[in-house]
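Reader: I'd like to learn how to read the features of a protein model one at a time. Could you walk me through this one?

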Amino acid sequence: MQLPRWWELGDPCAWTRLGWGARKMNPATIGTFLLTVYTIFSKVHSDRDVYPSAGVLFVHVLERESFKGEFPPYPKLGEISNDPITFNTNLMGYPDRPGWLRYIQRTPYSDGVLYGSPTAENVGKPTVIEITAYNRRTFETARHNLIINIMSAEDFPLPYQAEFFIKNMNVEEMLASEVLGDFLGAVKNVWQPERLNAINITSALDRGGRVPLPINDMKEGVYVMVGADVPFSSCLREVENPQNQLRCSQEMEPVITCDKKFRTQFYIDWCKISLVDKTKQVSTYQEVIRGEGILPDGGEYKPPSDSLKSRDYYTDFLITLAVPSAVALVLFLILAYIMCCRREGVIQLVHHSAIQKSTKELRDMSKNREIAWPLSTLPVFHPVTGEIIPPLHSDNYESTNMPLMQTQQNLPHQTQIPQQQTTGKWNP
């Protein structure tokens, strides 16, 4: 009896070839079996819960290594697979992600990253994100669920916020925990706050920036917004000086004393820095005063009764058609009278017809007159043989095939061409 392949993989005795009754396994077989069981049951796993805070940057890395074991054929012990894997993320029941959540993956051989800044409106509402992994070599798929439970922050929002533009970084590079930690450390060294949080990270392409040329390792650039609980330091305020504002308007770098603390790793465009003081912002909320713009209560709606008087529209119909028709008929009669009864120029037409008839009679009479032929149509001599050539004109006077120039005969003061005799002598 031949058992199916899946049963052979699931039964430990199948690896030892000792039969179904024997239960003896060597250590290598036990390791292979445990690996197989782990990879099979890893496809059915519980959802993962995360607890970000509102107003604080949230970063979740989708590691390719955690999905490689879920695509058959399952790797054996010590085997490394490098299949291209891409991810698709969406809110459960919807085709896209929430507005505050973004996703980036450069190549199928790099990890994907979910990042964003949760808003206060989503506090207390679990957000379920469906993560679908695609193996681009075997076309297998695997699906995970990420449950985001947004918590409320005690000091949300932080009153002082600063946004930096870093020119030598891409968004996925800045989202790395080591790089982001180094940047926050540099900002803390300059700002000296008691509490400092990264609020949001945005790619320069999302702000209307251009895709950089693939030369000299150029980067897209990234905007990083941080918040603190103390006012801005004097170093950050230097960008607001009139001298630095003038240099920025002339596309020159401003002079910032603390720039050297960032320059070792981060190239900051100080002309694009934004400082926001939430304590000085005036609230634009206006309380709605009810009473003046509300219509008075008119009671219940009373539809019109069924006993309405009928109205005759026959007279209106006749007036609507009769008046335009009468006006059109009057205009037609006036136009017909002008065109038919008061025509001018009848005598001129008769006179023109008489002239045309007389002209035709004169042309017919001119064809019968005997006139001398033009000199250009008289017989001519052949320039070589000396023989007389008949005229080239036609008897039809209407023909226009008349020669432009010909040698004429018997004209006074005309030199005659001597004729050649048969004996080879010339006559004077």
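Reader: Where does K272 lie?
Author: A charge counts as sitting over a ring if NZ of Lys or CZ of Arg is within 6 Å of the ring centre and within 35 degrees of the ring normal. Here K272 lies over the face of F165, 4.6 Å from the ring centre. In another case, the charged end of R207 sits over the ring of Y223, at 4.4 Å from its centre.

Reader: Good. What should I keep in mind about the model itself?
Author: This is a predicted model, in which local features need pLDDT of at least 70 and side-chain atom pairs count only at pLDDT 80 or more, while totals for chains, interfaces and linings use all residues. Residues are numbered from 1 along each chain as its sequence is written, and side-chain values use heavy atoms, with hydrogens and water left out.

Reader: How many aromatic pairs are there?
Author: A pair of aromatic rings is described by the distance of the centres and the angle of the planes. Rings of Phe, Tyr and Trp (its six-membered ring) pair if their centres lie within 6.5 Å; planes under 30 degrees apart count as stacked, over 60 as edge-to-face and the rest as tilted. By this rule the count comes to eleven aromatic pairs. Take F58 and W100: their ring centres are 6.3 Å apart and their planes stand at 65°, so the pair is edge-to-face. F58 lies in strand β2 (residues 58-62) and W100 in the loop between β3 and β4 (101-104), so the pair ties together parts that are 42 residues apart in sequence.

Reader: Are F58 and W100 buried or exposed?
Author: Buried means under 20% relative accessible area, exposed over 50%, and partly exposed in between (1.4 Å probe, protein chains only). Both F58 and W100 are buried. F262 and W270 form another edge-to-face pair, with 5.8 Å centre to centre and 75° between the planes.

Reader: Now the strands. What is the order of the open sheet of four strands?
Author: Strands of a sheet pair through backbone hydrogen bonds, either parallel or antiparallel. Helices (H or I, at least four residues) and strands (E, at least two) are DSSP runs, numbered from the N terminus, and two strands pair if DSSP finds at least two bridges between them. The order of this sheet is β1-β7-β6-β3, with mixed pairing. Its edge strands, β1 (48-50) and β3 (85-91), each pair on one side only. Neighbouring strands are turned by 25° against each other on average, direction ignored; such angles run from 0 to 180 degrees between N-to-C directions, with axes that are lines fitted to C-alpha atoms, for helices over the stretch in contact.

Reader: How many bridges pair β6 and β7?
Author: Strand β6 (residues 127-135) and strand β7 (residues 141-148) pair in the antiparallel sense over eight bridges. T127 has I148 in β7 as its bridge partner, and V128 stands opposite I147. The hairpin of these strands has five residues between them, and there F139 takes a positive phi near 60°. β6 also pairs with β3, in the antiparallel sense over seven bridges, with F87 opposite A133 in β6. Seven of the nine residues of β6 are buried, so β6 is largely enclosed by the rest of the structure.

Reader: Which residues is N90 in contact with, leaving aside its neighbours within four places in sequence?
Author: Contact means heavy atoms within 4.5 Å. N90 lies in strand β3, and its contacts are P95, D96, R97, V128, I129 and E130. N90 is buried, with a relative accessible area of 10%. Its C-alpha atom is separated by 8.8 Å from that of T132, 42 residues apart along the chain.

Reader: What is the order of the open sheet that three strands form?
Author: That order is β2-β5-β4, and the pairing is antiparallel. The edge strands β2 and β4 each pair on one side only, and neighbouring strands of this sheet are turned by 20° against each other on average, direction ignored. Five bridges join β2 to strand β5 (residues 112-116), and L62 stands opposite G112 in β5.

Reader: And the chain as a whole?
Author: The protein chain has ten helices and 13 strands, and buried residues make up 29% of its 428 residues.
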